Amino acid sequence: MDGSVASAGFDVARVRKDFPILSTTHRGKPLVFLDSGASAQKPRAVIEAMKEMMETAYANVHRGAYHLSEQATEAYEAARRAAARFLNAADEREIVLTGTGSTQAINLVAHSFGRGVLKPGQAVLVSEMEHHANLVPWQMLRDAHGVELRICRVTDAGELDMADLEAKLADGKVGLVSIAHMSNVLGTVVPARRIVDLAHAHGARVMFDGSQGAVHRKVDVQALGCDFYVFTAHKLYGPTGLGILYGRMEVLEQMPPFLGGGDMITEVTLERSLFAGPPLRFEAGTPPIIEAIGLHAAIDYVEAIGMEAIEAHERSLVDHAMKRLGNIDGVTLLGRAQDRGGVFAFSLDNAHSHDLATLLDRAGICVRSGRHCAEPLHARFGVESTCRASFGLYTTHEEVDYLAEAVTKAREFFA
């Protein structure tokens with residue numbers, strides 16, 4: 001299962017040696033981990049960086065006048081700078097570090113921008129392909145604040161219906177477009193710059209949920225021109241419990257705080273509080289310090305390999321998977337987008353996705369089954385549930401072949 005070199009300059013066999021868990025067995029067989037879209041495995045560099053922080057340099061940040069706290073604060077702020085570099089933000093203050101991943105980052109925007117900037121009667125535009133984290137907060141905002149929620153259609157090929165998106169922007173009432181940069185089910189990569197241009201032309205701000213996009217594609221928020229971009233550390237080979245929100249400074253400065261507490265204020269009396277500027281305004285309480293150190297290590301790790309090299313490797317994997325799985329009788333692939341990343345969903349005739357995933361698990365293969373926190377998308381395609389294989393930079397062509405062979409055997413079992 002060591003794999004082969006997928007493209008010039010990318011040695012997947014060498015990369016795999018950086019991930020301790022990939023040398024283990026699962027149910028007595030070599031581990032084939034094809035659920036990186038849910039949470040990616042961690043390289044030794046991330047594990048060691050977090051361990052070293054806990055053993056040698058841990059203290060609370062932004063609070064202590066002693067040297068250890070100053071060291072921890074510098075390390076924490078260095079992680080912010082790394083995230084700014086990773087997204088090519090114009091200013092490190094445009095990076096807000098949140099808890100729980102993209103979910104809290106999106107909720108922050110829904111609360112602070114949604115309630116603090118959007119007016120009742122304005123609209124938020126999302127799509128049928130959204131993860132629940134980029135749908136439920138907007139439903140809550142609609143119910144509490146009187147904002148309209150509009151839904152852009154997805155085509156039969158699994159691509160964003162750009163004509164429908166433009167039509168839903170036409171009346172100028174949309175205040176925010178919030179769209180997945182890359183679908184966590186279909187692997188579809190949306191035409192991000194075109195979306196920004198259309199939205200801005202109609203007076204709307206734009207946020208991309210980059211939970212998958214930032215993992216599989218190089219992201220430049222200045223080139224995209226978006227107003228918000230979110231991603232999560234644990235899908236980028238970093239730790240859980242940390243989300244990253246990029247917000248254009250001029251927009252962040254308009255937004256009230258999301259949470260109240262320590263470290264997000266400049267002055268507090270019993271009568272009132274004065275709030276800090278971005279990003280601290282949005283980072284109440286003790287932040288995920290150790291997790292930020294892990295994020296920094298993860299960013300350094302993928303940048304050393306090169307996002308372009310990672311993308312090329314994953315494109316090769318997806319093309320190979322589409323051919324191998326697409327040629328198996330009884331297998332249906334969900335969506336056929338022209339531009340897609342390392343995620344795809346599939347079903348097998350006569351087999352429930354949970355049963356198929358259980359059978360694959362016995363072969364040492366980890367895939368996700370169900371609706372993948374995207375129930376409306378499954379309803380759009382008229383399917384109850386699917387299995388999903390999602391690739392990481394450590395996935396090999398041999399693992400895709402092994403998956404195809406296991407699905408072929410499962411088809412015989414369920415026939």
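## Helix packing, pockets and backbone notes

The model is predicted: local features need pLDDT of at least 70, side-chain atom pairs count only at pLDDT 80 or more, and totals for chains, interfaces and linings use all residues. Residues are numbered from 1 along each chain as its sequence is written, and side-chain values use heavy atoms, without hydrogens and water.

**H4 with H5**

- H4 covers residues 102-116 and H5 covers residues 136-145; helices (H or I, at least four residues) and strands (E, at least two) are DSSP runs numbered from the N terminus.
- The two helices pack at an angle of about 25 degrees, and their axes lie 10 Å apart; axes are lines fitted to C-alpha atoms, for helices over the stretch in contact, with angles from 0 to 180 degrees between N-to-C directions.
- From H4, the residues Ile 106, Asn 107, Val 109, Ala 110, Gly 114 and Arg 115 meet Pro 137, Trp 138, Met 140, Leu 141, Ala 144 and His 145 of H5, where contact means heavy atoms within 4.5 Å.
- Sorted by class, this contact of H4 with H5 holds eight nonpolar, three polar and one charged residues (Ala, Val, Leu, Ile, Met, Phe, Trp, Tyr, Cys and Pro count as nonpolar, Asp, Glu, Lys and Arg as charged, and the others, Gly among them, as polar).

**H6 with H7**

- H6 (residues 162-169) packs on H7 (residues 192-201) at about 20 degrees, with 10 Å between the axes.
- H6 and H7 are therefore roughly parallel to each other, and their crossing is right-handed.
- H6 brings Met 162, Leu 165, Glu 166 and Leu 169 to this contact, while H7 brings Arg 194, Ile 195, Leu 198 and Ala 199.
- That makes a contact of six nonpolar, no polar and two charged residues.

- The crossing of H13 and H15 is right-handed.
- Asp 355, Leu 356, Leu 359 and Leu 360 of H13 meet Leu 403, Ala 406, Val 407, Ala 410, Phe 413 and Phe 414 of H15, a contact with nine nonpolar, no polar and one charged residues.
- The second largest pocket has a volume of about 180 Å³ and is lined by Lys 29, Leu 359, Leu 360, Arg 362, Ala 363, Tyr 402, Glu 405, Ala 406, Lys 409, Ala 410 and Phe 413.
- Helix H13 (353-362) and helix H15 (397-414) are the elements that give two or more residues to this lining, and H15 gives the most, with six.
- Seven nonpolar, no polar and four charged residues make up the lining of the second largest pocket.

**The largest pocket**

- The largest pocket has a volume of about 250 Å³; on a 1 Å grid over the protein atoms alone, a pocket is an open set of points where a 1.4 Å probe fits, with protein on both sides within 12 Å along at least five of seven lines, and lining residues have an atom within 4 Å of a point.
- Grid points are joined across faces, edges and corners, and a volume is the space filled by probe spheres set on them.
- Of the 19 residues that line the largest pocket, Ser 102, His 131, Ser 211, Gln 212 and Lys 235 lie nearest its centre.
- The lining of the largest pocket comprises four nonpolar, eleven polar and four charged residues.

**Backbone points to check**

- Pro 278 and Pro 279 are joined by a cis peptide bond with omega of about 5 degrees.
- Pro 279 sits in the loop between strand E12 (273-275) and helix H11 (289-305).
- Asn 88 is not a glycine, yet its phi is positive, at about 60 degrees.
- Asn 88 is placed in the loop between helix H3 (67-87) and strand E4 (95-98).

Note on methods
A crossing is left-handed if the near helix is turned anticlockwise from the far one by less than a right angle, and right-handed if clockwise. Angles under 35 degrees count as roughly parallel, over 145 as roughly antiparallel, 65 to 115 as roughly perpendicular and the rest as oblique.
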